[in-house]
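User: Could you take a close look at how the charged side chains pair up in this one, and at what sits around them? I'd like it as one connected walk-through, please.

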Amino acid sequence: MLSEQQKNDLLSLIVLFIGNDPSIAARKSAFNSRTVYAVERMIEANIDCNGNIKELVSNLVSGGRSLSRGWLKHALGGAKEIIQRSKLNGYGCLVVAKGNWKSEILYSVY
C-alpha cells in the first residue's frame with residue numbers, strides 16, 4: 001500500500017515523463033505496487049533510450065547501466081529531483097515513453 005505522499009510523488013514522476021494527463025491524475029488514489037512497477041520500468045526504458053541516443057551521438061561525433069528491481073518505491077521522495085537533474089528530457093524518448101507506458105500505468109490501477 002502506498003502512502004498519500006508516495007502517490008503524489010509517483011504522479012509527479014509520471015508527469016515528468018509523459019506530461020500532465022488527466023486520465024492518470026484521476027486514478028492517483030488507486031496507485032499501487034503494480035503502478036510503481038510500471039513507472040519503474042517506464043523510467044528504466046527512458047534511461048535506456050536516452051543512453052542509446054547519447055551513445056549514438058557520441059559515436060557519430062567521436063568516431064549499461066543496470067538498476068535492481070524495486071528501486072523506485074524506496075526512492076520516491078527524492079527521485080523527482082534526481083530525474084530532473086539527470087536531464088532525461090530527450091523529446092523522442094519522452095514521446096516513446098508516453099506511447100508505450102500510459103496504457104500500462106492506467107491498467108495497473110484495476
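Analyst: Here, a salt bridge is a side-chain nitrogen of Lys or Arg within 4 Å of a carboxyl oxygen of Asp or Glu. Bear in mind that this is a predicted model, so local features need pLDDT of at least 70 and side-chain atom pairs pLDDT 80 or more, while totals for chains, interfaces and linings use all residues. Residues are numbered from 1 along each chain as its sequence is written, and side-chain values use heavy atoms, without hydrogens or water.

First, the setting. The chain has five helices and zero strands (DSSP runs: H or I of at least four residues for helices, E of at least two for strands, numbered from the N terminus). Of its 110 residues, 37% are buried; that means under 20% relative accessible area, with exposed being over 50% and partly exposed in between, using a 1.4 Å probe and protein chains only.

Now your charged pairs. Side chains of opposite charge can pair when their charged atoms come close. The count here is four salt bridges. One of them joins E4 to K28, with 3.8 Å between the closest N and O atoms. E4 belongs to helix α1 and K28 to the loop between α2 and α3, so this pair ties together parts that are 24 residues apart in sequence. E4 has a relative accessible area of 47%, so it counts as partly exposed.

R41 pairs with E104, and there the closest N and O atoms are 2.6 Å apart. Both ends are partly exposed: R41 because its relative accessibility is 24%, and E104 because its value is 26%.

Then there's K102, whose side chain meets that of D21 at 2.8 Å, N to O. D21 counts as buried because its relative accessibility is 8%, whereas K102, at 24%, is partly exposed. K98 comes into the picture too: D21, K98 and K102 are linked in a network of salt bridges.

So what do you see around these pairs? Start with α1, the helix that holds E4. After α1 comes G19, with a positive phi near 85°.

N46, in helix α3 (residues 33–62), is buried because its relative accessibility is 1%. Its C-alpha atom is 8.2 Å from that of F17, which is 29 residues away along the chain. N32 sits in the loop between α2 (22–25) and α3, and its 19% relative accessible area is why it counts as buried. Leaving out residues up to four places away in sequence, N32 touches L2, S108 and V109, where contact means heavy atoms within 4.5 Å.
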